[in-house]
Amino acid sequence: MCFAAGVGVIRFPDVLSRLHAATKPQIFGLIAVTADIAVNDFSLGTVTLVVAIVAFQLLTAPMAAHLVARAAYAQGPSRPDLLFVDEFAPADRQPPRRD
C-alpha cells in the first residue's frame with residue numbers, strides 16, 4: 001500500500017490527485033497492519049487499541065487531506081483542466097462539462 005501511495009504521489013499531475021493517492025492507501029494499509037496485529041494477539045486490550053487507532057485515522061486523515069486540498073486550491077488550481085466541476089469558482093469561470 002505504501003508503494004502504491006508513493007507511485008501515485010510521484011506520477012499524479014496535481015496536488016488534489018496526489019492527496020487522494022497519499023490518503024487512501026495509507027488508511028487501507030493501516031487497517032491491514034492493525035488487523036494482523038489484532039489477529040496475532042487476540043486480547044481485549046489489543047482489539048480495543050486497534051479499533052481506537054483505526055477509528056482515529058478514519059476520522060482525521062480525510063479531514064487533514066481536505067484541509068490541505070482547500071489550502072492548495074486557495075493558491076490557485078495547478079491544473080484547472082483536470083477539474084470536472086469547480087464548485088469554488090465563480091459561475092462565469094466554470095470549466096466546460098464533459099458529459
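User: Which element do the buried residues of α3 pack against?

Analyst: In this predicted model, the buried residues of α3 pack against α2, where contact means heavy atoms within 4.5 Å, buried means under 20% relative accessible area (exposed is over 50%, partly exposed in between, with a 1.4 Å probe and protein chains only), and helices are DSSP runs of H or I with at least four residues, numbered from the N terminus. The buried residues of α3 are Thr46, Val50, Val54, Ala61, Ala65, Ala69 and Tyr73. Residues are numbered from 1 along each chain as its sequence is written, and side-chain values use heavy atoms, with hydrogens and water left out. Because the model is predicted, local features need pLDDT of at least 70 and side-chain atom pairs count only at pLDDT 80 or more, whereas totals for chains, interfaces and linings use all residues.

User: How should I read the spacing of such residues along a helix?

Analyst: An α-helix has 3.6 residues a turn, so residues three or four places apart point the same way. In α2, the buried residues are Leu19, Ala21, Thr23, Pro25, Ile27, Gly29, Thr34 and Ala38, and what covers them includes α1 (2–11) and α3.

User: What are the angle and the axis distance between α2 and α3?

Analyst: Two packed helices are described by the angle between their axes and the distance between the axes. Helix α2 (residues 15–40) and helix α3 (residues 44–74) pack at about 175°, with axes 10 Å apart; axes are lines fitted to C-alpha atoms over the stretch in contact, and angles run from 0 to 180 degrees between N-to-C directions. The two helices are therefore roughly antiparallel, a term for angles over 145 degrees. Their contact has 19 nonpolar, five polar and no charged residues, with Ala, Val, Leu, Ile, Met, Phe, Trp, Tyr, Cys and Pro counted as nonpolar, Asp, Glu, Lys and Arg as charged, and the others, Gly among them, as polar.

User: Why does Ala69 count as buried, and which residues does Ala69 touch?

Analyst: Ala69 lies in helix α3 and counts as buried because its relative accessibility is 17%. Leaving aside residues up to four places away in sequence, Ala69 touches Leu16 and Leu19. Ala69 and Leu16 are 53 residues apart in sequence, yet their C-alpha atoms are 6.0 Å apart in space.

User: Where does UniProt place the transmembrane region?

Analyst: The unreviewed UniProt entry places the feature "transmembrane region" at residues 49–69; such annotations may be inferred rather than shown by experiment. In the model, this span is 100% helix and 0% strand, and its end C-alpha atoms lie 30 Å apart.

Terms used
Parallel < 35°, antiparallel > 145°, perpendicular 65-115°, else oblique.
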